[in-house]
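Please open the model in a viewer and keep the selection tool at hand.

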Amino acid sequence: MAGNPRDKYCIVGVGETEYSRASGRTTRALGAEAIRNAMNDAGLTPDQVDGMLSYHGGDSTPSTSIQYDLGIRPNFYMDCSGGGSSTEALVGLAIGAIEAGMCDVVAIFRSMNGYSNVRIGGTGARASAPIGGLDLMKRPYGLISAVQQFAYTFTRHMAEYGVKSEDLAAIKVAHSIHASNNPKALMKHRVTVDDVVNSRWIIRPVAHLLDCCLETDNATCVIVTSAERARDLKHKPIYIKGVQGRGTKPGGDFHYQHGPISRVAGHYIAPRIFDLAGVKHEDVDITGCYDAFTYTVLLQFEDYGWCEKGEGKDYVTSGIINLGGRRPNNLSGGHLCEGYTHGMNMVIENVRQLRGTVDDYCPGALEGDHTYDYAEGGCRQVRDAKISMNMGWGTPAVGSSLIMGNVLS
Amino acid sequence: MPNYTYRGITLSIPENDSEYKGYFEAAAEGRLVVKKCSDCGLLRGEPGPGCPWCMSLNWEWQQVSGKGTIYSYQVVAHTVIPSFRDLTPFAIVLVELDEQRGQPTEFDGLRITGNLVDDDFNMEKEENVGIGKRVEAVFQPVEDGFMLPQWRLIDEPDQGFTWSHQVPEG
């Protein structure tokens, strides 16, 4: 592939705010804190960061305000419209901006009061606004929230492949085990399959309450620079092996008109990412598979080829995705348990996992001294993780992916 | 078209709405229409400005039979829209029209969203929803000059792939 940037760029800093449901602060204050934390993590001063990228849904604060708060003067910035699956794509755009000579070090951030202010479902102030355009074909029928936007895909998949609520629940169970060893997680307690299937229904037959992620107030940040620049920074560089997206499936917003409805965007970009990164599925030690709902995880595992189409239910119930399993998923607890960040927390977690310094309950965690005792309230560091893969989800039709590693190919 | 209000939701369909105005104008007359490409002749389920098959920007509205089959669905047990709370649980269905099914490729169809309602436009019982059920378009009066396309079960055998979920007791 021409111009393959494999291993030429790195993530050198990660940071976030507290995950809460009442930040009591603006997205500007949250954003400034997350970027500052990522800069301190990398060992970067304001004069050394000259790029900013963010994504938002009309619910954030622009880079040009937050630059003031941290004394940064970007040579390049863009505030992009977007939600889930933007993180991975913006990592690629940061590489492009650096490669084009537009800047050298890019801070990518997402800041949102996703529970206390602008909720994804369009409730609150947004609900009373007049609707037009394509909402005319949905809202008068009571179709508004994210899980509803995805539900035609979920239901049809469930029907065609015999997925049960208990299969989906296994995903929440796994992520809750991981979150129980994450001091930052909003929901830290471990849950059972029964807990999930006995929680109240949201949308039948595809989502109980505990199949849905936790709307959260938070900001998150990752910092991208060249491998050359990364050498004299604080941490072992985490190399970017390949990035794809946001790629789509035929029809885009109207994907349910075309193609197999139970197929999602990952199907179309999967061959490109594995080719670009030069890795095979079996090389990957940990995954970060976007869990807006349990069903988004199952669909992406199938369409990225971790199992055959229709066997996602077996993959997620096999133990593979659990801590201690062959390829654990969403080790921070992800959106279902740590908090909903539109995908960036899963990239942050994989960076920390690949560094070997995940912030679990081990006393020496930040120095990389882990017990590998995965009992509740203990360790969540995966031993010798070398390659990670993130799979971002925007809608059934929109996705992105990112493969990282802690050694050169 | 002026603004209309349905269950507290303001529906704004301005004169320059080139996608949906004609759809709702026809619905107000009790007719279900889709866009037809004036060049290649193919219909499309989403009334966009261009033909997904030949890129032509020439189109006309075409009336369809209004009969179709439930392709997928969701039953709303919890709604985030306050004015819909008294309706739960209710079904939202994705209906595949009889016209142009499986064309131009086997996975394509003309698919339209609506609620599954009974003869009085009350929400249909949950146990009666299912993939493969036969339905027809009906038009629910909302305000003078505005009717909302909805779907009603018809007495025809299920068609193609069929499936329904287990309705919880109570």
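Predicted model: local features only at pLDDT ≥ 70, side-chain atom pairs only at ≥ 80, totals over all residues.

Residues are numbered from 1 along each chain as its sequence is written, while chains are lettered from A and ligands numbered from 1 in the order in which they are written.

**The sheet**

Nine strands form an open sheet with mixed pairing, in the order 3-2-4-7-1-8-11-10-9; two strands pair if DSSP finds at least two bridges between them. Its edge strands, each pairing on one side only, are strand 3 (76-81) and strand 9 (286-289) of chain A. From one strand to the next, the twist averages 20°.

Next, select strand 1 (residues 9-16) of chain A, which is joined to strand 8 of chain A by two bridges and runs antiparallel to it. Strand 1 of chain A is also antiparallel to strand 7 (residues 217-226) of chain A, through seven bridges. Highlight A:Cys10: opposite it stand A:Tyr239 in strand 8 of chain A and A:Thr225 in strand 7 of chain A.

Move to strand 8 (residues 238-248) of chain A, where 10 of the 11 residues are buried (a residue is buried if 20 or more other C-beta atoms, placed from the backbone, lie within 10 Å of its own, exposed if 12 or fewer, and partly exposed in between). Eight bridges link strand 8 of chain A to the antiparallel strand 11 (residues 398-405) of chain A, and A:Gln244 has A:Ser401 as its bridge partner there. Within strand 8 of chain A lies A:Arg246; the peptide bond between A:Gly245 and A:Arg246 is cis, with omega about -10°.

**The core**

Which residues touch the most other members of the largest nonpolar core? Select A:Ile11, A:Val106, A:Ile108, A:Cys221, A:Val222 and A:Ile223, out of 167 residues in that core. A nonpolar core is a set of buried Ala, Val, Leu, Ile, Met, Phe, Trp, Tyr and Cys residues joined through C-beta atoms within 7 Å. Beyond its neighbours within four places in sequence, A:Ile223 is in contact with residues including A:Ile11, A:Met39, A:Leu44 and A:Val106; contact requires C-beta atoms, placed from the backbone, within 7 Å.

**Helices and the partner chain**

Display helix 1 (residues 27-42) and helix 2 (residues 63-70) of chain A, whose axes come within 9 Å and cross at roughly 60°. Among the residues that meet are A:Ile35 in helix 1 of chain A and A:Ile66 in helix 2 of chain A.

Now show both chains: 35 residues of chain A are in contact with 36 residues of chain B. Helix 4 of chain A gives the largest share of the side of chain A that touches chain B, six residues.

**Backbone details**

Then centre on A:Tyr372, which has a positive phi of about 60° although it is not a glycine. A:Tyr372 is partly exposed, with 13 other C-beta atoms within 10 Å.

Finish at B:Phe121, also not a glycine, with a positive phi of about 65°. B:Phe121 occupies the loop between strand 8 (111-117) and strand 9 (134-143) of chain B.

Definitions and conventions. Contact = placed C-beta atoms within 7 Å. Helix = DSSP H or I, 4+ residues; strand = E, 2+ residues; numbered from the N terminus. Axes fitted to C-alpha atoms, helices over the stretch in contact; angles between N-to-C directions.
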